Amino acid sequence: MSWLPAPQEPLLRVAVAGGTHGNELCGVFLARHWLRCPEELKRPSFSAIPILANPEASAICRRYVHKDLNRSFTSTVLSSKATPDEPYEVTRARELNQWLGPKGSGQAFDFTLDLHNTTANMGACIITKANCSVFAMHMCRYLQLQSLELPCRVFLFQPSGETFSLDSVAKIGMALELGPQPQGVLRADRFSQMRALVASSLDFIELFNQGTAFPAFEMEVYKNFGEEDFPRTEAGDLAGVVHPQLQDRDFEPLQPGAPIFQLFSGEDVLYQGDRTMYPIFINEAAYYKTHKAFIKTEKIMTSVPALPPLPSALTHSL
Ligand SMILES: [Zn+2]
């Protein structure tokens, strides 16, 4: 595993986004709350900016208005010329890129955390890109240590092409998935868990900015290697459901030959792979449309090098 080097300056331009998907309500209501009361996002060395990423979709409690915003931060979309009839999310992606980016530039925000909920039984899951910064991995570790009552897994997402998510616009970005929570529903337990994880993320940035060093460690991570669609009829309708023995078993090992779907005809469909895999986003509501019943991952033990103290730390008092 190769990690990008740690930042050499304090992280001062930090954003926390919610409502990138307008029906994932922890982020929607946290962002709205912080826009009214931003003090909660302040730390001695920086103030994180709250962002309601897709306000139009949040207003109607839908994932998106015309197009998935969290798939819209591609070079094609971001460099496109505005047209009067373009999808709302294309306009919004350009606006957010102006604000938080431009993506890939030196002016981009130092760090962005994007808040999501899933209907799958994922617990807390931090999603970051596969070749991420050593800083991001240390933040993941810190969140795991702070979140002992809730499993907090790390999913290193490798897209098949270029990155496309909101968090990819900042120099260092990650998404936080928390589930299960139904779409359009706000649960007190998820809400407070997400709020606590955001607070810990900001605490970690503060420790880093103050010159704290973090030792090397070993960590289990999950990496995607494919997806599985539901069984379908020739017309494309569902022909079965996620098997009851697989439902809610996100991040648990699935062996070749284990049942994964139950057809409406009554038969079981078995996993045909040749190795153990770890399915995640099992039966995620938003993925029926995109033909994903779950995402296949492998579990890897990885070594993360030490995070040295910032050469230009704000103080060395800690
Ligand atoms: Zn989402």
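## The largest pocket

Let's start with the open space: 46 residues line the largest pocket, and I127, F157, F164, S165 and D167 are the ones nearest its centre. On a 1 Å grid over the protein atoms alone, a pocket is an open set of points with protein on both sides within 12 Å along at least five of seven lines, and lining residues have an atom within 4 Å of a point. The volume is about 910 Å³, taken as the space filled by probe spheres set on the points.

Strands here are DSSP runs (E, at least two residues), numbered from the N terminus. β8 gives the largest share of the lining, 4 residues. Strands supplying at least two residues each include β5 (111-117), β6 (123-129) and β9 (217-228).

## About the model

This is a predicted model, where local features need pLDDT of at least 70 and side-chain atom pairs count only at pLDDT 80 or more, while totals for chains, interfaces and linings use all residues. Residues are numbered from 1 along each chain as its sequence is written, and side-chain values use heavy atoms, with hydrogens and water left out.

H21 and E24 are both buried (under 20% relative accessible area, 1.4 Å probe, protein chains only).

## Around I205

Beyond its neighbours within four places in sequence, I205 contacts L11, V14, F46, F111, F135 and M139 (heavy atoms within 4.5 Å).

Technical notes. Buried means under 20% relative accessible area, exposed over 50%, partly exposed in between (1.4 Å probe, protein chains only). On a 1 Å grid over the protein atoms alone, a cavity is a set of points where a 1.4 Å probe fits but cannot get out, and a pocket is an open set with protein on both sides within 12 Å along at least five of seven lines; lining residues have an atom within 4 Å of a point.
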